[in-house]
Amino acid sequence: EWANHVPNATTTDTNNLPDQLKPQQVKNIKKKPDDKPSVGRPFNFQHHHHVTVDEGSETGFAGLPPEWSALLKSNNISAGDVKDNPMAVLDVLEFNQGGNRG
């Protein structure tokens with residue numbers, strides 16, 4: 001019974017179709033050899049914080065937003081932890097704030 005539902009050769013033959021229903025041939029679109037993918041410039045970029053490692057500060061960073069300082073203190077992340085792994089600490093802070101640095 002399934003054989004009744006399988007298209008046969010006449011259903012794929014487009015020669016019998018009116019011109020407006022026949023598939024159109026796609027033109028070959030070739031890239032120029034010098035075409036390089038590009039990324040657009042940032043839109044409406046705003047730089048809110050400039051954070052640097054500061055071994056003399058309580059958190060181990062200078063320029064931290066107040067909520068980040070509070071997050072470090074509440075999670076007992078010391079200036080020594082920051083000194084040993086500053087980029088890992090920044091990654092964790094940005095992850096907790098919903099950002100993505102990398």
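This is a short walk through one chain, from its overall fold down to a few residues.

A word first: this is a predicted model.

Let's start with the whole chain. We have four helices and two strands. Reading from the N terminus, the order is α-β-β-α-α-α. So much for the layout; now the burial. The chain has 102 residues, and 14% of them count as buried. The accessible surface is about 9300 Å². Carbon and sulfur atoms account for 52% of that surface. How about contacts across the sequence? Take the contacts between residues at least 6 apart. Of those, 22% join residues at least 24 apart.

Next, the loop between the strands. Strand S1 covers 52-53, and strand S2 covers 61-62. Serine 57 sits in the loop between them. Look at what its side chain does. Which backbone atoms does the side chain of serine 57 approach? One is the backbone oxygen of aspartate 54, 3.0 Å from a polar atom of that side chain. Another is the backbone nitrogen of glycine 60, which the serine 57 side chain reaches at 3.0 Å. Please find both on the screen.

Serine 69 belongs to helix H2, residues 66-74. Is serine 69 buried or exposed? Buried, because its relative accessibility is 16% and the cut-off for buried is under 20%. What does serine 69 touch, once neighbours within four places in sequence are set aside? Thr59 and Leu64.

On to helix H4, residues 86-96. Valine 92 is in this helix. Its relative accessible area is 43%, so valine 92 is partly exposed: the value falls between the 20% and 50% cut-offs. Now pair valine 92 with leucine 72. The two are 20 residues apart in sequence. In space, their C-alpha atoms are 9.8 Å apart.

Last stop, the largest pocket. It holds about 240 Å³ of space. Which residues line the largest pocket? Going up in number, they are Phe45, Gln46, His47, His48, His49, Val51, Trp68, Leu90 and Glu94. By class, that lining has four nonpolar residues, four polar and one charged. Two of the lining residues, Leu90 and Glu94, fall in the range of helix H4, residues 86-96. Trp68 is also in the lining, and its number falls within helix H2, residues 66-74.

That's the tour. Over to you for questions.

Technical notes. Residues are numbered from 1 along each chain as its sequence is written. This is a predicted model: local features need pLDDT of at least 70, side-chain atom pairs count only at pLDDT 80 or more; totals for chains, interfaces and linings use all residues. Side-chain values use heavy atoms; hydrogens and water are left out. On a 1 Å grid over the protein atoms alone, a cavity is a set of points where a 1.4 Å probe fits but cannot get out, and a pocket is an open set with protein on both sides within 12 Å along at least five of seven lines; lining residues have an atom within 4 Å of a point. Grid points are joined across faces, edges and corners, and a volume is the space filled by probe spheres set on the points. Ala, Val, Leu, Ile, Met, Phe, Trp, Tyr, Cys and Pro count as nonpolar, Asp, Glu, Lys and Arg as charged, and the others, Gly among them, as polar. Buried means under 20% relative accessible area, exposed over 50%, partly exposed in between (1.4 Å probe, protein chains only). Contact means heavy atoms within 4.5 Å. A polar contact is a pair of N or O atoms within 3.5 Å; within protein, one must be able to donate a hydrogen and the other to accept it, and residues adjacent in sequence count only if both atoms are side-chain atoms. Accessible areas come from the Shrake-Rupley method with a 1.4 Å probe; for residues, only the protein chains shown count as cover.
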